[in-house]
Amino acid sequence: MSLLCALSILYGLMVLPFQFSALNTGYCVPRKTVPYYQNGLRFFREEGIWNYSTMLMREDLDLLLLGAREAIYALDINDISIRKAAAYWRVTEEKQRECTYKGKHAEVECRNYIRTLHTVNTTTMYVCGTNAFSPTCDYMTFSDGQLSLEGKQEEGKGKCPFDPFQRYSSLMVGNDLYSATSINFLGSEPVILRSSALALRTEFKSSWLNEPNFVYMDFVGESVDSPDGDDDKVYLFFSENAMEFEFYNKLVVSRVARVCKGDMGGQRTLQRKWTSFLKARLDCSLPEPSLPAIVQDVFLLKHQDWRKSVFYAVFTPQSSSSDMSAVCAYSVSAIGDIFNEGKFKTPVAVETSHVKWVMYTGELPVPRPGACINNAARSMGMSRSLDLPDKTLQFIRDRPLMDEAVRPLTGGPLLIKKGAMLTRIVVDSVTALDGETYPVMFIGTENGYVQKAVNYAGEMFIIEEIQLYENSEPVRVLRLSSSKGQLYAGSEFGVVQMPLSNCSRYETCADCVLSRDPYCAWDISAGQCSLISTLASFSHTVIQSLKEVNISQCPQPDPVATVDFALVLENNIQLPCQPDSNLAQVRWRFSDQTLHSDNKYYIYSEGLLILNASESDAGLYTCASLEQVKGRIYSRTMAVYRLHPHTEPGVGDSNTGGDNSSDSTHSHHTAAPGLIPDLGDEDPLPPENQSFEGRVVGLKVTVALLALLCFSLAGLLFWNFTRGHFECLQASQSSSESKERRHSAEYVHIQNRTSEIKLLGPEAGRPCIANNNHSAVDFKGNGEHHFTPMANISSLDGLGYINDESEI
Ligand SMILES: *[C@@H]1O[C@H](CO)[C@@H](O)[C@H](O)[C@H]1NC(C)=O
Ligand SMILES: *[C@@H]1O[C@H](CO)[C@@H](O)[C@H](O)[C@H]1NC(C)=O
Ligand SMILES: *[C@@H]1O[C@H](CO)[C@@H](O)[C@H](O)[C@H]1NC(C)=O
């Protein structure tokens, strides 16, 4: 017996995570999970070609240019499964041989990986590839439906990495190519290079770049309306070994650096080097005390007024013991403040030839080191960086690091996610029906999902997660076209195209409004959830309620039809019901009482199981989905079943006594199934009956019974095991007491004693830890919200019934 119990506890341990996370994690869970087989996305790959990691959107040409290993494709930007043209750029045998002589793998490293694709003009692109550890660039044109490489074979050193596995970044500004990569075969000489008529680069000094990993570059046109005549800038994000922290080991930190577009280098000091290279540490702290998080990808959400532009950055932990990644946002103006007004760090020698970096407190030379040429400099007769005095240049050559770190816009992360690491991010700016503009983040993960998340006035909400690929493979590149309303995601095996929103997935008004998807609104006259961009006019016939989440304006839905089920005595009866939101819980009711899992009923994610049915089980069962939004609970009737004894057709209803008389009442009940905030009492029942052949599920649930009896024990164990894993950070004022209460509610739920309604206290996850545990039992990709005990149960049949706890 104890063996059986142990077995079922084990079983309990396996299924409980799913149940838990479906319960009370609030906003930490994406509201919907769209699995691969439902995603309906367009896809492109060519047989025999891998590493689709470079993309260039040419909205002007209606093309998506895609760089892969030894191939470049021109795809229809509206439908990437349509390939318009392709160009192949293979390594020559000679190059490949040279590469292998140098100790590199012929089929892996000694191939040509396309890493750079930039727009030159309307017809021409600039392309670079690693070309068997011998980076090479070329011009490529698209005309008459043909993609052709010009065969110019320009030197690509410093523009494109040698090593196909090395991160790097580049940017075309006008005719100048800015690139951040290694300039040598060994990958040991990092540079930030501008290839132009006047080429500039960084110093080879570890105080400038210390084993960096370059991540992202972008341009900000800061000269526009600049009162002090400032210059445009290029920002670069990377991680590198810290020099400012004393640490027993190499400590990696995240950085933002910038250079001025008009920089021409110095005359004697810093000749042909940046005079405006400044860097600062990027701060993005995870809740658990840990080493600094490492920046993995960045996206600049541009605003007409550049001061309001915001960088969104994805961070992952430095130590492999943590499974939390985060998104932090930084305003361009906050970064500018640090560079323009902040203090510098300076090295001081402490004894034993050891150098320590401390805040520089002395007087700064004039003009300010690292500043672009601005009105102040011009008024001193310096109109180019070549005119800057040696004092200023020597200062910046030796002290490129700012003392202060750049803090996130919101003080801390916008989103913290457990489980599969976040890899890439793009952000769209959506103007909703309330006239406000919301940034919607699309974040790729290591296991091939995209998380779609919005921040509503400090409250993080994950609208949905979409599984992009059939296999769990990391998202390597993300591009977003606002005008097309499409997202493009590349991996090693192919590219998918995903609409930014698929409103038709929200089938009811309540689902549409509760989704809080700023792209979608319920169109009352059409009776469907539609993209707001396709709606003719924003009239009163459209419902969207992003911040308040008020569904009271939704029309009453059609009542749910009652399904008849035959009750076979002493059998187990399965009544299916699945909520359409990960944030919802299910509540089953039978003749005015709420059901709980006990030795009579078993409630699981896909329905209700009535064990060893007896005559008294005949009657009406309703399944409602309770979804908590902003502290309110919305109830929707998902299914209604009428059970009547199989053996005596027609007589069944009388057996259930009171239920019979209430049937007629119910059939005239026209109130819609709970569209108003539900108070947890009565579920109005629908009028219609749709008779069809009842179904008796002859499941062998012996082990389910056993599991139920052992549940409380398993729950107890499991409770302690999981309590650390499912926490959602509370809004600032939320007390630990309420957290405690929530936890005990979860616990009690396992013990099958409390009413589910009590589990849903008002709480807002802010910021949110989206649980995305990717454990061995996570058999449906990300979807920890699903679990299917039925299969497990039936696979363990053949055991006898246990009626009584005393038997154990
Ligand atoms: C290219 O894709 C192959 C196949 O998945 C993978 O093994 C390899 O590591 C990838 N190479 C790079 C440079 O990403
Ligand atoms: C585009 O740029 C290429 C390379 O610089 C040049 O040869 C070509 O004439 C340009 N075409 C147009 C239409 O400007
Ligand atoms: C099922 O219920 C009946 C009474 O309704 C009882 O006699 C029987 O022992 C039960 N069977 C099991 C296996 O629990």
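Modeller: Let's start with a cut-off: a residue is called buried when its relative accessible area is under 20%. Keep in mind that we're looking at a predicted model.

Colleague: Okay, so is Ser325 buried or exposed?

Modeller: Ser325 has 0% relative accessibility, so it counts as buried. You'll find Ser325 in strand 21, which runs over residues 324-331.

Colleague: Which residues does Ser325 touch, leaving out those up to four places away in sequence?

Modeller: Among them are Leu286, Phe315, Thr316 and Pro317, and also Leu415, Ile416 and Lys417. Leu422 is on that list too, and its backbone nitrogen sits 3.1 Å from a polar atom of the Ser325 side chain.

Colleague: Now the ligands. Which residues are around ligand 1?

Modeller: For a ligand, you look for residues with a heavy atom within 4 Å of it. Around ligand 1 those are Trp50, Asn51, Tyr113, Pro164, Phe165, Glu492 and Phe493. Sorted by class, that shell has five nonpolar residues, one polar and one charged.

Colleague: And which side chains have an N or O atom by an oxygen of ligand 1?

Modeller: Asn51 has one 2.4 Å from a ligand 1 oxygen, and Glu492 has one at 3.1 Å from a ligand 1 oxygen. As for cover, ligand 1 has 360 Å² of accessible area on its own, and the protein covers 69% of that.

Colleague: What's around ligand 2?

Modeller: Val120, Asn121 and Thr124. An N or O atom in the Asn121 side chain is 2.3 Å from an oxygen of ligand 2. Here the protein covers 40% of the 360 Å² that ligand 2 has on its own.

Terms used:
Residues are numbered from 1 along each chain as its sequence is written. Chains are lettered from A and ligands numbered from 1 in the order in which they are written. This is a predicted model: local features need pLDDT of at least 70, side-chain atom pairs count only at pLDDT 80 or more; totals for chains, interfaces and linings use all residues. Side-chain values use heavy atoms; hydrogens and water are left out. Helices (H or I, at least four residues) and strands (E, at least two) are DSSP runs, numbered from the N terminus. Buried means under 20% relative accessible area, exposed over 50%, partly exposed in between (1.4 Å probe, protein chains only). A polar contact is a pair of N or O atoms within 3.5 Å; within protein, one must be able to donate a hydrogen and the other to accept it, and residues adjacent in sequence count only if both atoms are side-chain atoms. Contact means heavy atoms within 4.5 Å. Accessible areas come from the Shrake-Rupley method with a 1.4 Å probe; for residues, only the protein chains shown count as cover. Ala, Val, Leu, Ile, Met, Phe, Trp, Tyr, Cys and Pro count as nonpolar, Asp, Glu, Lys and Arg as charged, and the others, Gly among them, as polar.
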